[in-house]
Amino acid sequence: MNNLRRFTTTKNLALAASLLLPLIMMNNANAKTPFTAAETADQKERLMTAVKQGDDLWHNPKLGSNGLACGNCHPDGAASNPHTWPKYQTNLGKVSTLRDMINWCIAVPLAGKPLALDSDEMIAMEAYATYTHRGVAIAPGKDEQHGAVPVTSGPGYPNANTGNR
Amino acid sequence: MSKLSRRKFLGMSLKAGATTMFAGMFAPTATSLMGFGGIAQAATKKISPFTFAVLTDAHLYDIPGHKFDAILEKAVADVNSISPPPDFVLYAGDLGQSGKEAELVKGKRILDKLKMPYKIILGEHDYYLDMGKAWRGLFGEEYWSFDHKGAHIIGMNSILVDDFWTLRNLTPVERMGYMEELECNQCGAWGVQAKQLEWLEKDVKKLSPDTPIILMTHSPLWDYYPRWNFQTSDAPEIHYILRKFEKVMAIHGHVHQVVYNTIGNISSAGLLSTSWPWPYPPVDLPYPDIKMNRADPGDFEDGLGSHRIEIAQNFDGILNYRAFSDLLPDNVKRGIII
């Protein structure tokens with residue numbers, strides 16, 4: 001009750017109004033958008049560069065030592081289930097992230113050297129796996145094997161056709 | 001349900017384009033054999049019952065002591081342990097991974113340990129480095145047929161694509177690299193192509209419609225998920241050539257999974273690999289009751305296995321998936337009717 005009474009003082013009301021004001025302005029149709037069209041286009045392009053890099057790494061046996069790549073078992077990123085992480089992963093014995101699982105796959109089935117969790121390569125792999133599941137509802141801990149989003153043509157994401165992949 | 005009325009019923013459902021609607025009702029597992037007799041039609045011609053085994057998709061690498069070598073060895077030993085021994089073994093393609101002769105030689109050395117004769121077809125991984133030269137040198141014809149105890153058994157090369165490499169100036173290694181990727185989006189759709197269709201037409205011309213037909217291809221003879229070449233582009237032509245037969249049993253590799261479909265007179269079953277399992281693609285299965293469980297990535301034998309097929313006097317077939325780990329739900333464990 002003391003706290004409530006204190007909140008209703010004029011001083012605090014003014015403070016609350018000053019905090020809410022920017023939020024109200026953001027909902028106003030006349031408010032400036034956070035980024036310009038050029039800025040969002042640039043952001044999108046940078047993301048897609050990472051997705052493409054992740055796609056190349058995903059299909060590159062050089063991450064391992066036995067000829068296998070992630071794509072052998074996970075075509076189009078299928079069954080990487082990015083929407084289900086974090087979750088308790090039995091073979092890792094802890095609540096883990098997709099990056100932990102990618103490293104486990106590199107270390108065990110691919111017999112390779114795990115990546116630094118914050119490396120550009122790891123972020124690119126995560127970007128690829130996640131982008132191939134765009135639109136799938138986030139469901140941490142869900143016991144589900146997902147076949148990635150259906151693809152009819154192209155690499156599975158928008159890109160300039162380089163003729164390579 | 002009598003045979004005639006069941007056939008009529010299925011014919012109607014096919015025309016209505018609603019086959020999947022009845023999938024659950026007629027899930028052709030050995031369990032449903034008791035109630036419905038399965039969905040696959042029995043042939044009227046009586047044959048001598050027999051069994052055969054099937055292996056596929058070893059994807060051997062040219063790396064000494066590679067883990068997939070041991071799994072193919074295990075599959076061969078498993079088939080050799082079946083009692084009574086199967087009459088023969090069929091191998092449904094992708095013996096190698098990158099089309100290298102060393103991979104195929106290693107595979108042949110392991111397959112030659114089978115105690116019974118075997119017949120083999122090509123997968124795309126065996127082919128696109130040298131366009132099948134090494135494979136033909138080791139195994140002979142790319143497509144073939146033989147008769148066994150009243151049944152006619154056919155193997156075909158279903159992984160042929162139109163030339164995508166010449167205009168791009170790809171080297172053989174690069175061409176193989178493209179094909180090695182399941183989701184290759186530059187390679188195009190596979191098929192058996194015109195020459196084999198002509199051959200098939202001639203091959204079955206003199207056979208009476210009651211002849212039981214077993215047809216093995218690397219890819220499925222139905223549009224499952226074209227993106228991953230879980231299809232054969234000229235499957236409709238194959239269906240047309242084989243339309244006169246009472247029953248065609250089709251088996252295929254490539255999908256690395258338990259999957260079943262039936263279209264008209266052709267029942268079709270996918271096979272387990274001896275390399276890695278594939279997840280189900282993002283489409284509805286026509287027979288969702290016939291599927292495998294998720295494989296445990298920490299168990300390198302999970303999702304893999306060999307197969308035994310039992311053919312009865314009336315050409316009822318039961319396919320037993322012999323999974324190396326705990327992969328199969330109960331209904332599939334008992335075998336599926338094909």
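**Reading the sheet, helices and cores of a predicted model**

Mentor: In this predicted model, chain B holds an open sheet of six strands, ordered β4-β5-β6-β7-β9-β8, with mixed pairing. The twist from one strand to the next averages 20 degrees.

Trainee: What makes β4 and β8 of chain B the edge strands?

Mentor: Each of them, β4 (144-148) and β8 (260-263) of chain B, pairs on one side only.

Trainee: How do you know that β4(B) and β5(B) pair?

Mentor: Pairing requires at least two bridges between the strands. Five bridges join β4(B) to β5 (residues 151-155) of chain B, so the two count as paired, and they run antiparallel. Trp144(B), for instance, stands opposite Gly155(B) in β5(B). The two strands form a hairpin with two residues between them, and Lys149(B) in the turn has a positive phi of about 50 degrees.

Trainee: Which strands of chain B pair in the parallel sense?

Mentor: One such pair is β5(B) and β6(B), over four bridges; there, Ile154(B) has Leu215(B) of β6(B) as its bridge partner. Another is β6 (residues 213-217) and β7 (residues 248-252) of chain B, joined in parallel by five bridges, with Ile214(B) opposite Met249(B).

Trainee: Let us turn to chain A. Why are α5(A) and α6(A) called roughly perpendicular?

Mentor: Angles of 65 to 115 degrees count as roughly perpendicular. Helices α5 (residues 98-107) and α6 (residues 120-131) of chain A pack at about 105 degrees, with their axes 10 Å apart. That angle falls in the range, and the helices are therefore roughly perpendicular to each other.

Trainee: Which residues make the contact between α5(A) and α6(A)?

Mentor: Leu98(A), Arg99(A) and Ile102(A) come from α5(A), and Met122(A), Met125(A), Glu126(A) and Ala129(A) from α6(A). By class, five are nonpolar, none is polar and two are charged.

Trainee: How many residues does each chain give to the contact between chains A and B?

Mentor: Chain B gives 21 residues and chain A gives 25. The side of chain B has eleven nonpolar, four polar and six charged residues.

Trainee: Which residues have the most contacts inside the largest nonpolar core?

Mentor: They are Val54(B) and Val89(B), in a core of 92 residues. Helix α3 (residues 67-80) of chain B gives the most to this core, with six residues. Neighbours within four places in sequence aside, Val54(B) is in contact with residues including Val89(B), Leu90(B), Ile251(B) and Ile309(B). Apart from this core lies another, of 23 residues, among them Cys105(A) and Tyr128(A).

Methods. Residues are numbered from 1 along each chain as its sequence is written. Chains are lettered from A and ligands numbered from 1 in the order in which they are written. This is a predicted model: local features need pLDDT of at least 70, side-chain atom pairs count only at pLDDT 80 or more; totals for chains, interfaces and linings use all residues. Axes are lines fitted to C-alpha atoms, for helices over the stretch in contact, and angles run from 0 to 180 degrees between N-to-C directions. Angles under 35 degrees count as roughly parallel, over 145 as roughly antiparallel, 65 to 115 as roughly perpendicular and the rest as oblique. Two residues are in contact if their C-beta atoms, placed from the backbone, lie within 7 Å. Ala, Val, Leu, Ile, Met, Phe, Trp, Tyr, Cys and Pro count as nonpolar, Asp, Glu, Lys and Arg as charged, and the others, Gly among them, as polar. A nonpolar core is a set of buried Ala, Val, Leu, Ile, Met, Phe, Trp, Tyr and Cys residues joined through C-beta atoms within 7 Å. A residue is buried if 20 or more other C-beta atoms lie within 10 Å of its own, exposed if 12 or fewer, and partly exposed in between; C-beta atoms are placed from the backbone.
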